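Please view the sequence and structure below before reading the notes.

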Amino acid sequence: MKLRYTMVCSSNQNRSMEAHSLLKRHGFKVSSYGTGQHVKLPGPSLRDPNVYDFGTPYKQMFDDLRRKDPDLYKRNGILPMLKRNSSVKLVPQRCFEEKVFDMVLEDLHNREHALMKSVLVINLEVKDNHEEAAAGAKLTFDLRQEVE
């Protein structure tokens, strides 16, 4: 039986998409979601993030930030990240409200159990920066190999 994978982080941008991209490149069935109320990307200051609705295409975010300040968003890695994301899927998707791990478990518990298939939920703590997201994606890939 081929396993399916779901990656989850706050905005469905960095951590979940880095792992989604890696697993997809290796031919695995994978999806990804965000847990926040909105998609938040760094802005010119901590108090001024760029906020988008879930369902806003990655390409649209890319074009918006490139128009605002291409040097800043290229330098901080946001434009390359959005370009990668748009090659994986069209839009960031939202799934849960708050605490990711607990919400995943609660959602699974509340679903109708018609198929009665086993689900393994693993919480990997990954800091939300490009370097840690890449390391977390590699760890996810290696862990997937051990699970299978």
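The notes that follow cover the pockets and then the helix pairs.

The model is predicted. Its largest pocket has a volume of about 1,800 Å³, and the second largest pocket holds about 280 Å³ of space. Helix H1 packs against helix H6 at an angle of about 45° and against helix H4 at about 50°, while helix H2 packs against H4 at about 160°.

**Largest pocket**

- The volume of the largest pocket is about 1,800 Å³, and 46 residues line this pocket.
- Closest to the centre of the largest pocket are Tyr5, Thr6, Val119, Leu120 and Val121.
- Strand S1 (4-9), H1, strand S2 (29-34), helix H5 (100-110) and H6 are the elements that each contribute two or more residues to the lining.
- H6 makes the greatest contribution to this lining, with seven residues.
- By class, the lining of the largest pocket comprises 27 nonpolar, 10 polar and nine charged residues.

**Second largest pocket**

- A space of about 280 Å³ makes up the second largest pocket, which 16 residues line.
- Nearest the centre of the second largest pocket lie Asn14, Lys40, Leu41, Pro42 and Asp128.
- At least two lining residues come from each of strand S3 (39-41), helix H4 (78-88) and H6.
- The lining of the second largest pocket is made up of five nonpolar, seven polar and four charged residues.

**H1 with H6**

- The axes of H1 (residues 15-25) and H6 (residues 130-147) lie 8 Å apart, at an angle of about 45°.
- H1 is therefore oblique to H6, and the crossing of the two helices is right-handed.
- From H1, the residues Arg15, Glu18, Ala19, Leu22 and Leu23 meet Ala133, Ala134, Ala137, Lys138, Thr140, Phe141 and Arg144 of H6.
- This contact of H1 with H6 contains seven nonpolar, one polar and four charged residues.

**H1 with H4**

- H1 and H4 have axes 10 Å apart, and the angle between them is about 50°.
- This geometry makes H1 oblique to H4, and H1 passes H4 in a left-handed crossing.
- On the H1 side the contact involves Met17, Glu18, His20, Ser21 and Lys24, which meet Arg84, Asn85, Ser87 and Val88 in H4.
- Two nonpolar, four polar and three charged residues form the contact of H1 with H4.

**H2 with H4**

- H2 (residues 58-68) and H4 pack with their axes 8 Å apart and at an angle of about 160°.
- Angles over 145 degrees count as roughly antiparallel, and H2 and H4 are therefore roughly antiparallel to each other.
- The crossing in which H2 passes H4 is left-handed.
- H2 supplies Tyr58, Lys59, Met61, Phe62, Leu65 and Arg66 to the contact, and H4 supplies Ile78, Leu79, Leu82, Lys83, Asn85 and Ser86.
- By class, the contact of H2 with H4 has seven nonpolar, two polar and three charged residues.

Note on methods:
Residues are numbered from 1 along each chain as its sequence is written. This is a predicted model: local features need pLDDT of at least 70, side-chain atom pairs count only at pLDDT 80 or more; totals for chains, interfaces and linings use all residues. Side-chain values use heavy atoms; hydrogens and water are left out. Axes are lines fitted to C-alpha atoms, for helices over the stretch in contact, and angles run from 0 to 180 degrees between N-to-C directions. Helices (H or I, at least four residues) and strands (E, at least two) are DSSP runs, numbered from the N terminus. Angles under 35 degrees count as roughly parallel, over 145 as roughly antiparallel, 65 to 115 as roughly perpendicular and the rest as oblique. A crossing is left-handed if the near helix is turned anticlockwise from the far one by less than a right angle, and right-handed if clockwise. Contact means heavy atoms within 4.5 Å. Ala, Val, Leu, Ile, Met, Phe, Trp, Tyr, Cys and Pro count as nonpolar, Asp, Glu, Lys and Arg as charged, and the others, Gly among them, as polar. On a 1 Å grid over the protein atoms alone, a cavity is a set of points where a 1.4 Å probe fits but cannot get out, and a pocket is an open set with protein on both sides within 12 Å along at least five of seven lines; lining residues have an atom within 4 Å of a point. Grid points are joined across faces, edges and corners, and a volume is the space filled by probe spheres set on the points.
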